[in-house]
Amino acid sequence: TLLEKLVLPVVSWDPVREAPDKVLTYVDLSSVDRDAKKITNPQHVLGAEAPSRARQLLQAGDVLVSTVRPNLNAVAQVPTELDGATGSTGFCVLRADERLVSARYLFHWVRTPDFVAKMVRRATGASYPAVSDRIVKESRVPLPPLPEQRRIAAILDKADAVRRKRQQTLDLADQFLRSAFLEMFGDPVTNPKGWPVRKLSDVASITTGNTPSRKKPEYHGPGIEWIKSDNINTPNHFLTKAEETLSAAGKAHARLADAGATLMTCIAGSRSCIGNVALADREVSFNQQINAIEPLGELDSGFLYVELLLAKRLIQAASTDAMKGLVSKGRLARVTIPVPPPPLQERFSSLFRRVLRWSARLKVAQSEAEVLSSSLTQRAFRGDT
């Protein structure tokens, strides 16, 4: 069934003209957490100052589908507490005709790989791909009877709840790690426990990465991973796998870091990325946007990684670019960090390793939950549940 036949019209308004003195709740594209598929960050703006895109009056239950970069599948359902909010015209707002289709069923449908793939195929614009509301509403939805729709939605809700709970458990593991560090050592930026401070170059070796010549194709090929900042700027504690690799010949001209090194983004297009860190758990090469920091005798590698993770503000304070980000090797070397006694560092590092092992098991469980949720979704809309 065509989606356009299953949804009701949405009222538009102009808050600048119709309610200039009213504070309104505004839901734009940045308000949606595309991983959680929820509205997590609505804004509050005065009607007179509302953006030109603030035009759609939302109701509880509406399904929002971002028409920009459809591959990211930024979708969400409007909760009860946001009934009456104003939505951006960057969303196609799907208001289910509950006589024909369950809103929750519709929400799960717009998350399916089949729906996403169709939107990606029909998107236009190379640098800013987007689809129109018309294209979204031209998609066809499998439409079993309403009781069956509700049954399918209930099954998918349960699978999604399992996935979210496992993610929450992973988040708690990270929170515990940070809390344990702060309890043992205090904030490395303010050093409330008064530990001795040392320049980073006095307690660690610092190596800036490079790019072996692109003019020599023999340098680039199967071999050692060549890490970029994208492999660091992730929620993972460890480097993600690099897409590019250097051959044995390229490795001879590269800068290398051993397992146990902390790799840090020191040149970035956004200042917020400066100071991002990840641990190397294998030997890697890396580009010139990154510095590898390897502890010398006074520092434990696990302790140093978490300290630098929590001392990001110290690194950003050393940046010489207010808008983007640049911390030279010389400036990084002069950053001072607290250095607690080695036995205390080792105690924390032992805890860190236990948390990592626990997190690894949780990630396997989380991955299994995501596979289950995806499998159930595909089967449900094929009529196999």
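Visitor: Let's start at Asp-62: is its side chain's residue buried or exposed, and at what relative accessibility?

Guide: Asp-62 is buried, because its relative accessibility comes to 1%. Buried here means under 20% relative accessible area, exposed means over 50%, and partly exposed is in between (1.4 Å probe, protein chains only). Before going on, bear in mind that this is a predicted model: local features need pLDDT of at least 70, side-chain atom pairs count only at pLDDT 80 or more, and totals for chains, interfaces and linings use all residues. Residues are numbered from 1 along each chain as its sequence is written, and side-chain values use heavy atoms, with hydrogens and water left out.

So who does Asp-62 pair with? The partner is Arg-95, whose side chain meets that of Asp-62 in a salt bridge at 2.8 Å, N to O. Arg-95 sits in strand β10 (residues 91-96) while Asp-62 is in the loop between β6 (54-57) and β7 (63-66), so the contact ties together parts that lie 33 residues apart in sequence. For the record, a salt bridge means a side-chain nitrogen of Lys or Arg within 4 Å of a carboxyl oxygen of Asp or Glu. Helices (H or I, at least four residues) and strands (E, at least two) are DSSP runs numbered from the N terminus. Arg-95 is buried too, since its relative accessibility is 9%. As a general point, side chains of opposite charge can pair when their charged atoms come close.

Now step along the chain to another pair. Arg-99 and Asp-97 also join their side chains in a salt bridge, again 2.8 Å from N to O. Elsewhere, salt bridges with shared partners link Arg-111, Asp-160 and Arg-164 into one network. Over the whole structure, the search turns up 18 salt bridges. One of the others, as the side chains show, is Arg-17 with Glu-18, at 3.6 Å from N to O. There, Arg-17 is exposed because its relative accessibility is 61%, and Glu-18 is partly exposed at 44%.

Lys-37 has a positive phi, near 60°, in a residue other than glycine. Lys-37 is placed in the loop between β3 (32-33) and β4 (38-39), and with a relative accessible area of 12% it is buried. Asn-73 does something along those lines, with a positive phi of about 50° although it is not a glycine. Its spot is the loop between β7 and β8 (75-77), and at 10% relative accessibility Asn-73 counts as buried.

The protein has 11 helices and 22 strands, and its C-alpha atoms fill a box of roughly 70 × 50 × 45 Å along the principal axes. Of its 385 residues, 46% are buried.

Next, the nonpolar side chains. The largest nonpolar core holds 40 residues, and Leu-332 and Phe-348 are the ones that touch the most other members. Two or more residues each come from α5 (146-185), α6 (200-203), β12 (204-208), β18 (277-279), α8 (301-310), α10 (329-334) and α11. Helix α8 gives the largest share, seven residues. A nonpolar core is a set of buried Ala, Val, Leu, Ile, Met, Phe, Trp, Tyr and Cys residues joined through side-chain atoms within 4.5 Å.

Helix α11 also carries some charge. Arg-361 is in this helix, residues 342-380, and at 56% relative accessibility it is exposed. Together with Arg-353, Arg-354 and Arg-357, Arg-361 forms a positive surface patch. Patch members have over 30% relative accessible area and no salt bridge, with like charges joined within 9 Å and nonpolar side chains (Val, Leu, Ile, Met, Phe, Trp, Tyr) within 5 Å.

Notes: Areas by Shrake-Rupley, 256 points an atom, 1.4 Å probe, with all protein chains shown as cover. Lys, Arg positive; Asp, Glu negative; His and termini not counted. Charge placed at Lys NZ, Arg CZ, Asp CG, Glu CD.
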